[in-house]
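Please look over the structure below before reading on. The briefing that follows takes it topic by topic.

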Amino acid sequence: KPSPDNLTVSLDGKSLTTADYEIKNYTNNVNASTDSVSATVVIKGKRNYDGEANGTFTISPKTVTTDMIVAIADQYYTASVVPPYETVKDGEKTLAVGTDYEVAYSDNTNTGSSAKATITGMGNYTGTADKTFPITNIVAPTEYLNGTKGNEGYYLSDVVISKDGWTVSADNGTNWQDAITVSAEGAFSKEMIFKQNGTGYISAPVTVTFTIDKTAPTGTVTID
């Protein structure tokens, strides 16, 4: 609201000072002015002046800035649109989406993109501001190969690729399975991705490699 320092009062061409009047009250002086509502100040004369007078003034909406958007934490890739996570503050006041601002997101699905939140002020706020944030892959689990391992590092049995709390895909997320079983003997190498249960967070591709050799060695052992 205006103070005596930025309030101009005059009578018959003479400028009055705060020694000549006092501010009695204000109305509509909290929110930004609209076409139909303006803020009003009422003054009361003192010393050589008597009576009351009122005047109107405009409260302009505050312009939003990038600094008002609290830093958005890294978000994990889910193959879907990342939902809104923005917090907007004006000093200590947390602004309300739908009342103080609207928000739109762009490029907020894939990793490596410049995901961006753009806010547009409304009500007591005006203007637009935006802030970018990264979308990254969750770290893939380890120790996901299950089978009987021989002394030479190869597997003597089927190998089950699975990890508690995760699903796995061998086709870049088209199909997700609790476990993938490999039975064929020989060297195996394939890129797979893992998805964390509950959150839906997806890892970057992991190259899964191993060798299966189920054939028991044959031959004759001789002792010289």
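Is Asp107 buried or exposed? Asp107 is exposed, with a relative accessible area of 52%; buried means under 20% relative accessible area, exposed over 50%, and partly exposed in between, with a 1.4 Å probe and protein chains only. This is a predicted model, in which local features need pLDDT of at least 70 and side-chain atom pairs count only at pLDDT 80 or more, while totals for chains, interfaces and linings use all residues. Residues are numbered from 1 along each chain as its sequence is written, and side-chain values use heavy atoms, with hydrogens and water left out.

**Loop residues**
- Asp107 is in the loop between strand S10 (101-106) and strand S11 (115-121); strands (E, at least two residues) are DSSP runs, numbered from the N terminus.
- The phi of Asp107 is near 50°, a positive value in a residue other than glycine.
- Ala79 lies in the loop between strand S7 (75-76) and strand S8 (89-90), and its phi is near 75°, also positive in a residue other than glycine.
- Ala79 counts as partly exposed, at 45% relative accessibility.
- Ser203 sits in the loop between S19 and S20 and is buried, with a relative accessible area of 2%.
- Leaving aside neighbours within four places in sequence, Ser203 is in contact (heavy atoms within 4.5 Å) with Asn137, Ile138, Ala140, Ile193 and Phe194.

- Strand S3 (residues 21-27) and S4 pair in the antiparallel sense over 6 bridges; two strands pair if DSSP finds at least two bridges between them.
- Ile43 in S4 is the bridge partner of Ile23.
- S4 and S5 also pair in the antiparallel sense, over 6 bridges, and Lys44 stands opposite Glu52 in S5.
- The hairpin of S4 and S5 has 6 residues between the strands, and Arg47 there takes a positive phi near 60°.
- S4 is mostly covered, with 6 of its 7 residues buried.

**The largest pocket**
- The largest pocket holds about 230 Å³ of space. On a 1 Å grid over the protein atoms alone, a pocket is an open set of points where a 1.4 Å probe fits, with protein on both sides within 12 Å along at least five of seven lines; lining residues have an atom within 4 Å of a point.
- Of the 19 lining residues, Val9, Leu16, Ile43, Glu52 and Ala53 are the closest to the pocket's centre.
- Strand S1 (9-11), strand S4 (39-45) and strand S5 (52-57) each give two or more residues to the lining.
- By class, the lining has 9 nonpolar, 6 polar and 4 charged residues.

**An open sheet**
- An open sheet of 3 strands has the order S15-S16-S18, with antiparallel pairing.
- Strand S15 (145-146) and strand S18 (180-182) each have a single partner strand, so one side of each has no neighbour in the sheet.
- S15 and strand S16 (residues 159-161) are joined by 2 bridges, and Leu145 has Ile161 as its bridge partner in S16.

**The largest nonpolar core**
- This core has 17 residues, of which Ile161, Phe188, Met192, Phe194, Val208 and Phe210 touch the most other members. A nonpolar core is a set of buried Ala, Val, Leu, Ile, Met, Phe, Trp, Tyr and Cys residues joined through side-chain atoms within 4.5 Å.
- S20 gives the largest share of the core, 4 residues.
- Not counting residues up to four places away in sequence, Phe210 touches residues including Leu145, Ile161 and Phe188.

Terms used:
Grid points are joined across faces, edges and corners, and a volume is the space filled by probe spheres set on the points. Ala, Val, Leu, Ile, Met, Phe, Trp, Tyr, Cys and Pro count as nonpolar, Asp, Glu, Lys and Arg as charged, and the others, Gly among them, as polar.
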